[in-house]
Amino acid sequence: MNKLELKKAIEACHAKGQKVALSFCAHVPNEILEAAGFCSMRIFHINDIVDTSERALPRNVCPAVKEVYCLLEDEAIKEADLIITESSCDGKKKMYELITAQDKVYYYQVPQGNERDYVRPLLRSEANYMIKTLDKRFGAKVTADSLREAGKVSNAEREAVMALMDLQKSVPPVTTGLEIYKAWEDAQLIPDRAERTAQLLAARDRLAQSGAKAPQDAKRILVTGCPIGGVYEKVLTSVEAADGVVVCFENCEFAKVNLRHLDTEAEDMIEALVDCYQNTPCAIMGDNGRRFALLKKLAEEYKVDGILDIALTTCHAYTVEREKMHRFCGELGIPYLFLESDYADTDAGQMKTRIAAFVELL
Ligand code: SF4
C-alpha cells in the first residue's frame, strides 16, 4: 500500500458516511471499532513513506516505529478520524506521544504478559474504556449485538487468511510464499472487511487452480519474528532463489493473530473479547510461551524443514527472544536462522548469501 492508496481508502469510507480508525498493532480489538460503526484499518507498511523522523526520534529505533511516526505526521492521513495507538513495545508507546494530531489519538494499553491474574481484568477494563470513549467522543454506541456482528465479520477474515496460507500445507506446496504474501497484501487495500475477505478467498481459489508452482523437493521454510511488510520481498525472493519455499508465516500478518477466534455466541461479549485477545503470542509478552507452542504446532502441520526468524533492527522484544528461539528449535530438531534487517535494500546481497547457505544445509 502507498500513501495515495491509503488516502483513497479513507475517502471511500467517508463517501459511504463511515468514519475511519487507523491502528498499527494486532493487539487492538478492531471489533469494538467496527461495532461502533467505524471502518477499522490496520496499517502494516506504507511503501513510499520518506524517513523524516531524525529530528524527533533517535537513529537507532526500529524501522516500524519510524515509519508509523512519519505516516502519522504525513498529509496522507490527515482525514482519518481516529488513530488508535497502543502500548505494545516501548519505542512505539513513547513515539505516539510525539504525534502532532493528539486530538485524534486514542491510547490502548496492552498487557505485558498472557498468563498473570491482572491480564484479564486489564483487557476487560480496556475494552470497556474504549467503548465508553467512543460514545463520549463520537456518540457511537456499542452493543452486545453489534459486537457479535463485528466478530462474525472478523472471524470470517481470519479464517480466509488462514485458508490462503493453508494452500502451502500440501506436498509440494501449491505456490510460493511470495505469491501468498502478495495476495494477502493486495487485499489490505480494501477497507471493507467483508469485501477484503471475499478478495482473500478469491485469491486462494485462483492460486489453488493455478497448479503447483513450487518444486517437489524445495526445502520448506517457516518465517517467524517481526511483521515483515517492509522486508518481505528481499526475504522471500532470497528463499526462493535458494530453491526453498516459504510454507508458513507465523508472524502478525498470518498465524499469530489469525488463529484467534471471537466467540460470537458468548453471553458476555466483553469476556469473549478478552479470551480472543489474550491469545496473542507476541514477543512483547513475558513469558511468551504461547509463541513457542504455536511454532511447534505449525512446524508439524506445515512439515517444516527450517525456521527463519526475521527481526527488525533494534526490536528488543524479538532480537532478545532469539536466544530462546535458538534453544527451542534445537530441542525440536529444526534448523534455525536468525536475521536482523531494516527497510533499506543495502543488506539484500548479504541476506541472499546467508539464506542460500542456510537452505543448502537443510
Ligand atoms: S517490530 Fe518490535 S520494536 Fe518494532 S514496532 Fe514491533 S515490537 Fe516494536
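Just after helix H9, Asp 243 takes a positive phi of about 65°. Keep in mind that this is a predicted model. Asp 243 is not a glycine, yet its phi is positive. You'll find Asp 243 in the loop between H9 and E6. Asp 243 counts as partly exposed because it has 14 C-beta neighbours inside 10 Å, and a residue needs 20 or more to be called buried.

Thr 314 sits in the loop between E7 and H13.

Now back up to H9 itself. This helix is mostly covered, with seven of its ten residues buried. The buried ones are Tyr 232, Lys 234, Val 235, Leu 236, Ser 238, Val 239 and Glu 240. So what does the covering? The cover over these residues includes helix H7 (177-187), E5, E6, E7 and helix H14 (348-361).

Let's zoom in on the pairs. Strand E5 (residues 219-225) runs parallel to strand E7 (residues 306-312), and five bridges pair them. In that pair, Gly 225 stands opposite Ile 310 in E7. On to the next pair: E7 and E8 are joined in the parallel sense over six bridges, with Leu 308 opposite Leu 337 in E8. To get from E7 to E8 the chain goes through H13, and this β-α-β crossover is right-handed.

How enclosed is E7? Seven of its seven residues are buried, so E7 is largely enclosed by the rest of the structure. Gly 306, Leu 308, Ile 310 and Leu 312 point one way from E7, while Ile 307, Asp 309 and Ala 311 point the other way, and all of them are buried.

## Another sheet

There is also an open sheet of four strands in the order E2-E1-E3-E4, again with parallel pairing. Its edge strands are strand E2 (39-42) and E4, and each pairs on one side only. Here, neighbouring strands are turned by 25° against each other on average, direction ignored.

In this sheet, strand E1 (residues 20-23) and strand E3 (residues 82-86) run parallel and are joined by three bridges. Look for Ser 23, which stands opposite Ile 84 in E3.

Ala 101 lies in the loop between H4 and strand E4 (105-108). Because Ala 101 has 12 C-beta neighbours inside 10 Å, it counts as exposed. Along the sequence, Ala 101 and Lys 78 are 23 residues apart, while in space they are 8.7 Å apart, C-alpha to C-alpha.

## Around the ligand

Which residues come nearest to the ligand? Of the 13 residues around it, those are Cys 62, Ala 64, Cys 89, Cys 226 and Cys 315. Helix H3 (63-72), helix H4 (90-95) and helix H13 (316-332) are the elements that give two or more residues to this shell. By class, the shell has ten nonpolar, two polar and one charged residues.

## Two cis peptide bonds

Most peptide bonds are trans. Here are two spots that go the other way. A cis peptide bond joins Val 171 and Pro 172, with omega at about -5°. Pro 172 is in the loop between helix H6 (144-166) and H7.

Gly 286 and Asp 287 are also joined by a cis peptide bond, this time with an omega of about -10°. The loop that holds Asp 287 is the one between helix H11 (269-278) and helix H12 (289-301).

How values were computed. Residues are numbered from 1 along each chain as its sequence is written. This is a predicted model: local features need pLDDT of at least 70, side-chain atom pairs count only at pLDDT 80 or more; totals for chains, interfaces and linings use all residues. Two strands pair if DSSP finds at least two bridges between them. A residue is near a molecule or strand if its C-beta atom, placed from the backbone, lies within 6 Å of it. Ala, Val, Leu, Ile, Met, Phe, Trp, Tyr, Cys and Pro count as nonpolar, Asp, Glu, Lys and Arg as charged, and the others, Gly among them, as polar. Axes are lines fitted to C-alpha atoms, for helices over the stretch in contact, and angles run from 0 to 180 degrees between N-to-C directions. A crossover is right-handed if, with the strands pointing away from the viewer, the path from the first strand over the helix to the second runs clockwise. Two residues are in contact if their C-beta atoms, placed from the backbone, lie within 7 Å.
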